[in-house]
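Subject: Structure for you to look at

Hello,

Here is the structure I said I would pass on. Please open it first, then read the notes below it.

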Amino acid sequence: MKPFTPQYRGLISVYVEKDSSGHISLVACPQNDNESPAQESPMATRRTQQRAKTSCAAEHKPAREGPLLDRTCNDSRSSVCGTGMGTGKRDTSFHMKDPNGNESATPERSSHNPWGLHCHRAQLMRMSSDSKDNAPYRFLLLENVASPFQLPCILDLKMGTRQHGEDASEEKKRRHMKKCEQSTSSSLGLRLGGMQVYQATTGHFLCRNKYDGRTLTAEGFRQALYQYLHDGHQLKRELLQPVLQRLSALRAVIERQGSYRFYSSSLLLIYEGKKHSPGRHPFSAQPRVDVRMIDFAHTTYRGATPHHTAYEGPDRGYIFGVENLINMLQEIKDGD
């Protein structure tokens, strides 16, 4: 499954620093896999922050090569500095779609995806309020699979017909089962978790979030999938064959996994929204696309723990979702 998952880049210890003006800084230090969280003080790590600011390219390097993160936000203005949720183009704006697919009347014009910004703010606030004695948080560091793209058009799909993990409480099981029953998770094995697609006609991204995805019918999901492949001017048909090939390869891989259950995991589809000039070899440039499995917190398999169910055979709910996605994309490709 390695070609379909983000690369593991090691472990990092992350400290939260807050100054008198309310600015929050996250300072990350690498650690070896077998080490306890780094005990170096935040003041000591300050001495290497200048290197940290230029090593965001460390998404292409092992975690232990140097400090990796320096992001700041200001509480009073609720602004976040950094490139984690954006595109790298500071003049590109993001517009949200409401559950009916209509563009917001007062879109938030910023260089960050509004939902990503919301999640990032919430995470910073949690870390800031929970941090005691400046103890480090320990994180897995994973490859940023969107980093090769200048204008990443991303579709985040919750996969499978079941979303609760083995460790879920009875109340949580009931809640997740209800969400599946009332959404396309049960009928398609797919649910829209998030989307951003670059509109060449206006120069901004259109975005949808998970709450929008929960309201979609099967037909609404098909329309959202079509919208994801449309740049506001035309359907990007050149993307369909490479995406279909990648999904077919993924399906073959999942069918060979004897006991894995990818509960509550997602599938990312990514393509480049920036139009490239053909150059000297117009037929040699293939569209840049990627398909990756993400979010494995509730994934299980035979022998994962002594108390987990001993599943046999591949994850049929996940395969059901992949097959429906392939079929819908094939219908779009065939012009239906």
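Pro-3 is exposed, with a relative accessible area of 51%, because anything over 50% counts as exposed. Please keep in mind that this is a predicted model. Pro-3 belongs to the segment before strand S1. Not counting residues up to four places away in sequence, Pro-3 touches Arg-246 and Arg-292. Its C-alpha is also 9.1 Å from that of Leu-250, although Pro-3 and Leu-250 are 247 residues apart in sequence.

Now the chain as a whole. It has 336 residues, and 47% of them count as buried. There are nine helices and 13 strands in it. The accessible surface comes to about 17700 Å², and carbon and sulfur atoms account for 50% of that surface. If you take the contacts between residues at least 6 apart in sequence, 74% of them join residues at least 24 apart.

Next, the interior. In soluble globular proteins, nonpolar side chains tend to be buried together. The largest nonpolar core here has 46 residues. Which of the 46 residues touch the most other members? They are Tyr-228, Leu-229, Leu-250, Leu-267, Tyr-318, Leu-325 and Leu-329. Helix H9, residues 316-333, supplies the largest share of this core, with eight residues. Apart from this core lies another one, of nine residues, which include Val-16, Ile-24, Ala-28 and Leu-124.

Leu-329 is in helix H9. Its relative accessible area is 2%, so Leu-329 is buried. Leaving out residues up to four places away in sequence, Leu-329 touches Leu-225, Leu-229, Leu-240, Val-243, Leu-244 and Leu-247.

Neighbours within four places in sequence aside, Leu-267 is in contact with residues including Leu-155, Leu-157, Met-159, Leu-247, Leu-250, Val-291, Met-293, Tyr-318 and Leu-325. The list of contacts also holds Asp-156 and Arg-292.

Strand S1 covers residues 8-18, and nine of its 11 residues are buried, so the rest of the structure largely encloses it. Strand S2, residues 23-31, runs antiparallel to S1, and eight bridges join the two. Seven of the nine residues of S2 are buried, so S2 too is mostly covered. Within this pair, Val-16 stands opposite Leu-26, and Val-14 has Ala-28 as its bridge partner. S1 and S2 form a hairpin with four residues between them. Gly-22, in the turn, has a positive phi of about 90 degrees.

S1 is also joined to strand S6, by five bridges, and these two strands run antiparallel as well. In S6, Phe-139 is the bridge partner of Ile-12. In a regular strand the side chains alternate between the two faces of the sheet.

S6, residues 137-142, also contains Leu-140. Is Leu-140 buried or exposed? Its relative accessibility is 58%, so Leu-140 counts as exposed. Together with Tyr-8 and Leu-142, Leu-140 forms a nonpolar patch on the surface, and the three have about 320 Å² of accessible area together.

Last, two backbone details to check. Ser-264 has a phi near 65 degrees, a positive value in a residue other than glycine. Ser-264 sits in the loop between strand S10 (261-262) and strand S11 (266-272). With a relative accessibility of 12%, Ser-264 counts as buried. Asp-295 is not a glycine either, and has a positive phi of about 65 degrees. The loop that holds Asp-295 lies between strand S12 (289-294) and strand S13 (299-300). Asp-295 counts as partly exposed, at 40% relative accessibility.

Those are the notes.

Regards

Methods
Residues are numbered from 1 along each chain as its sequence is written. This is a predicted model: local features need pLDDT of at least 70, side-chain atom pairs count only at pLDDT 80 or more; totals for chains, interfaces and linings use all residues. Side-chain values use heavy atoms; hydrogens and water are left out. Patches are made of residues with over 30% relative accessible area and no salt bridge: like charges are joined within 9 Å, nonpolar side chains (Val, Leu, Ile, Met, Phe, Trp, Tyr) within 5 Å. Accessible areas come from the Shrake-Rupley method with a 1.4 Å probe; for residues, only the protein chains shown count as cover. A salt bridge is a side-chain nitrogen of Lys or Arg within 4 Å of a carboxyl oxygen of Asp or Glu. Buried means under 20% relative accessible area, exposed over 50%, partly exposed in between (1.4 Å probe, protein chains only). Contact means heavy atoms within 4.5 Å. A nonpolar core is a set of buried Ala, Val, Leu, Ile, Met, Phe, Trp, Tyr and Cys residues joined through side-chain atoms within 4.5 Å. Two strands pair if DSSP finds at least two bridges between them.
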